[in-house]
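Visitor: Please take me through one part of this model, slowly. I'm new to this and would like plain words.

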There are 2 protein chains.
Amino acid sequence: MANALPVSPLARPLPELPPVAGVRFGATAAGIRYTGRTDLVMAEFVPGTTVAGVYTRSKCPGAPVDWCRAAMADGRARALVVNAGNANVFTGRAGFEATQANAADAARLVNCAASEVFLASTGVIGEILPYQKISAALPGLYATLSDNGWADAARGIMTTDTFPKAATRTARIGDTTVRIQGIVKGSGMVAPDMATLLSFIATDAKLPAGVIQSLLSDGVKHSFNCITVDSDTSTSDMILLFATGQAGNVEIGDAQSPHLADFRTALDSLLLELALLVIRDGEGVTKMMHIVVTGAVSDDSAHRVAMAVANSPLVKTAVSGEDANWGRVVMAVGKCGEPANRDTLSVGIGGTWIARNGTVVHDYDETPVVAHMRGQEIEITVDLGLGNGTAQAWGCDLTHGYININGSYRS
Amino acid sequence: MANALPVSPLARPLPELPPVAGVRFGATAAGIRYTGRTDLVMAEFVPGTTVAGVYTRSKCPGAPVDWCRAAMADGRARALVVNAGNANVFTGRAGFEATQANAADAARLVNCAASEVFLASTGVIGEILPYQKISAALPGLYATLSDNGWADAARGIMTTDTFPKAATRTARIGDTTVRIQGIVKGSGMVAPDMATLLSFIATDAKLPAGVIQSLLSDGVKHSFNCITVDSDTSTSDMILLFATGQAGNVEIGDAQSPHLADFRTALDSLLLELALLVIRDGEGVTKMMHIVVTGAVSDDSAHRVAMAVANSPLVKTAVSGEDANWGRVVMAVGKCGEPANRDTLSVGIGGTWIARNGTVVHDYDETPVVAHMRGQEIEITVDLGLGNGTAQAWGCDLTHGYININGSYRS
């Protein structure tokens, strides 16, 4: 299944992933669902590591999401265990018991409290997780954890992903250079709402849990919460940020401190890169869409307009067909319920205004727009002409590939 | 383009469409966009005909929608002019002038006020309507209007529709038998919100405009507002109901009167048949989906859950692939923001409960469900286990055909 998919034409090579002091990663094949590939990932963090997380807002979250939400309470983390192939969602009491068992397994290995173990699962919904396979595989996996295990981890968490995804940054806190590095998986069921997918990020900076939580929550608003593959929101979305404190920086206790400005910029940039890697691997993708909305009554309103355009099946199929069908953009703006006035609305593609103030531009020349539509990154601009609200969103086209993948996912 | 599409496998034959006293219909080829087919439809109604309408809630409606909303003011209608191939949407002042010109053309022919002429357009957005072609064709078309023109009208309003759609009913008002008959077009850009598509319905009953408006608005709530092809809402949606008063029934001045109970039942049934014909012609459809939601905190909440399931690309592709992937139903329920509790949620397909109260049914046997998924009409049942709210929704699968049609609509 997943392994047989051709690699996305928008794939990016995995970057060099240097060690992050205080983090050891590894991956192994536990045989949970796939054969011939790794599907179980573990990380160990040094004592003193803080953690922040954002999670799916689904009303039917998976058991691991419940587990992590509870484990967040004291802001400390020592281990992470992730499996691919089975989401442990809608599995009732058996799902909860699986999380208890695997957290206890990992806690024994690293010698910590079970509440310092974070768990994530991704894959099919509704099947009981064979957690015994994870229990059996963990001791061997633990013995292989390494400073250089990041790339293996990026591969081990894939499901319908066609390439492994990671990004890395450095930032200055005071006189100290710290690293921020993360991996992400996601390809379909992607329309995050306050959280998304599985992404695990670590930094060697020394920062309290409250500070990294604030930075992560802010950063997600303009990255993961602005992407969509198919408007469907996963029950298992989760982004965790771990701070090991090994860099030796002066600890900053306030997320708004100017001393964290560079770190915040680097984190935001990392989050956006990780989010866009997911779009680059959107199921069946052949083109990315970048929607820019200006002139809305508020930023929130602009966000909803941008997401309506990015989610519209008719806009997505037009992009797939290289058709500069801007009328469908008008339709998507009109349907989403946000304040809009036909007579002040303007639409552009690839830097060319096609319609301004409610009607097509006089002597509109489609030539540069047609050329732009042949590219891989399609820019759609909407100016509502009402106020100062702005937003961006990123999506992908809707293709035969999406239907091939999802018409037969379980078979 | 539209003409070349294969007929939907779920198509239904056009029923016998008898005359409705006081209504004359006709169609002609005005060459607005298509060649070799009719694309202009006209109806004349006898003096005294009342009218009711529901329209798209798009913030960017077409010029004909604006025209009809204004023309509704006095509740009287004498003529209807509909063109296919060009929606006259986002056409600025030129679009308004086109409606003025064509309404005046029709008013001269039937000898009425322009405000008694109703206009509708469907097709491409953003291109200036060549209204002169309509002006030129109307006199010849008017000369051909006939009591038996309903089937021609049903064909003349098609765009990406693959078969003409109509339905007919009779009802008793007091001692009088009246007829209610309608035509509808729609295949993509179908996710009505208080109104939808183009549908024109006429009855020979004598009923005030306020009464038919009330009956129409009520009926649409449980029919056209419960269907979706692709979650995209048209800028041109419009349903008009005309009452010619030729049946000679005693006029009833209150929509809630028990004397209208049979008429209401027949109208509701007609609206649902017309709405489901649209789903049967959903772009690329191979299977219909019928979603039944029970146990919600309210009917409104149940409606939003049902529509979330019907709109989910992952549910739609699973149905297309004949995959009883009930986990995607759980996902769709979880993402839509309505009150839901994982531990009281149950999901069934084709009359078989698969999961109850948050986990898969013990000894669940997939055999009958697999057989059901091979059929053309897929039943999905969701019980939220919270309250007494119920709703139904109808949708269709998402297939390669949808992408073929919409990746090249304008080319």
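Guide: Let's go for the second largest pocket, whose lining divides into 12 nonpolar residues, one polar and six charged. (Nonpolar covers Ala, Val, Leu, Ile, Met, Phe, Trp, Tyr, Cys and Pro; charged is Asp, Glu, Lys and Arg; the others, Gly among them, are polar.) Keep in mind that the model is predicted: local features need pLDDT of at least 70 and side-chain atom pairs 80 or more, while totals for chains, interfaces and linings use all residues. Residues count from 1 along each chain as written, chains are lettered from A in the order written, and side-chain values use heavy atoms, without hydrogens or water.

The volume of this second largest pocket is about 240 Å³. (On a 1 Å grid over the protein atoms alone, a pocket is an open set of points where a 1.4 Å probe fits, with protein on both sides within 12 Å along at least five of seven lines; lining residues have an atom within 4 Å of a point.

(Helices, H or I with at least four residues, and strands, E with at least two, are DSSP runs.) Zoom out, and you'll find that domain 1 (2-280) and domain 2 (288-406) of chain B each give at least three residues to the lining; the domain bounds come from an automatic or database assignment.

What about the other chain? Chain A can be laid on chain B by a turn of 180° and a shift of 0.0 Å along the axis, with an RMSD of 0.0 Å (superposed by least squares on C-alpha atoms with pLDDT of at least 70 in both). That's how a two-fold axis relates its copies. In chain A, the residue that comes closest to the axis is A:His400, its C-alpha at 2.8 Å. The two copies meet through the same surface, because 100% of chain A's interface residues are interface residues in chain B too (contact means heavy atoms within 4.5 Å).

Definitions and conventions:
Grid points are joined across faces, edges and corners, and a volume is the space filled by probe spheres set on the points.
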